[in-house]
Amino acid sequence: MAAEDDKDLIEIVENLNSIDVAKYMNFVSAPQAGAVATFSGTTRDTFDGKTVVELIYEAYIPMAIRCIKSVCSSARESWNLHSVAVAHRLGTVPVGGTSVFIAVSSVHRADALEACRYLIDEIKATVPIWKKEVYSNGEVWKENTEFLEKRSELGKKDVVADCSVKKSEIKEEKNL
């Protein structure tokens, strides 16, 4: 499922489809952009001394897209960005596979680099995408440390991300 504005491309890549990095790089490339910053999150082979076999991601797609859009809007308020592309996989991601890819273009590198870092940190902290790590000797659903930090921060401030879902989106999802 995808959401595309003129300057933002947000996609949730389902099933065993891989993330087409070139597609997102092409989307953000522009003659006026002097910088393109990217982040590629991949499945590593170990965690805390355990052998990782694969990761499994789940999400409520309309809400995940809405939250990613909100994070992209926040980034645009803080940095002068040309284009933003975000793709996140759902389902099984093997070791070495890309789970999330972010590409950001801007006139100057500082904006692109800072915004790219902000985007991945906020996506991990606020977007309802859940990760299960499957090990050679078991499995566990994981809470991101960014989420735990954000939850603690939100308890101290009156700040809430706008990731609410409209009834029409729920109805639309049921019809798919």
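Is Glu133 buried or exposed at its relative accessibility? Glu133 counts as buried, at 4% relative accessibility; buried means under 20% relative accessible area, exposed over 50%, and partly exposed in between, with a 1.4 Å probe and protein chains only. The legends below describe a predicted model, in which local features need pLDDT of at least 70 and side-chain atom pairs count only at pLDDT 80 or more, while totals for chains, interfaces and linings use all residues. Residues are numbered from 1 along each chain as its sequence is written, and side-chain values use heavy atoms, with hydrogens and water left out.

**View 1. Glu133 takes part in a network of salt bridges.** Side chains of opposite charge can pair when their charged atoms come close. A salt bridge is a side-chain nitrogen of Lys or Arg within 4 Å of a carboxyl oxygen of Asp or Glu, and the structure holds 6 of them. Glu133 is bridged to Lys142, with 3.9 Å between the closest N and O atoms. Lys142 is partly exposed, its relative accessible area being 24%. The network links Lys131, Glu133 and Lys142.

**View 2. Lys132 and Glu139 are joined by a salt bridge.** The N to O distance between the two side chains is 3.1 Å. Lys132 counts as buried, with 15% relative accessibility.

**View 3. Val140 lies in strand S10.** This strand covers residues 138–142; helices (H or I, at least four residues) and strands (E, at least two) are DSSP runs, numbered from the N terminus. Val140 is partly exposed, at a relative accessible area of 33%. Leaving aside residues up to four places away in sequence, Val140 touches Lys131, Lys132, Glu133 and Tyr135, where contact means heavy atoms within 4.5 Å. Val140 and Leu55 are 85 residues apart in sequence, and their C-alpha atoms are 9.8 Å apart in space.

View 4. Arg117 counts as exposed, at 57% relative accessibility, whereas Asp121 is partly exposed, at 27%.

**View 5. Helices H2 and H3 cross.** Two packed helices are described by the angle between their axes and the distance between the axes. The axes of H2 (residues 61–78) and H3 come within 10 Å and cross at roughly 145 degrees; axes are lines fitted to C-alpha atoms, for helices over the stretch in contact, and angles run from 0 to 180 degrees between N-to-C directions. Residues that meet include Cys67, Ile68 and Val71 in H2, and Tyr118, Leu119 and Ile123 in H3.

**View 6. Helix H1 has buried residues along one face.** Helix H1 covers residues 21–28, and its buried residues are Tyr24, Phe27 and Val28. Seen down the axis of H1, these residues fall within an arc of 90 degrees, so they line one face of the helix; the arc is that of the directions from the helix axis to the C-beta atoms.

**View 7. Ile19 lies in the loop between strand S2 (8–13) and H1.** Ile19 is buried, with a relative accessible area of 9%. Beyond residues up to four places away in sequence, Ile19 touches several residues, among them Tyr24, His88 and Phe101.
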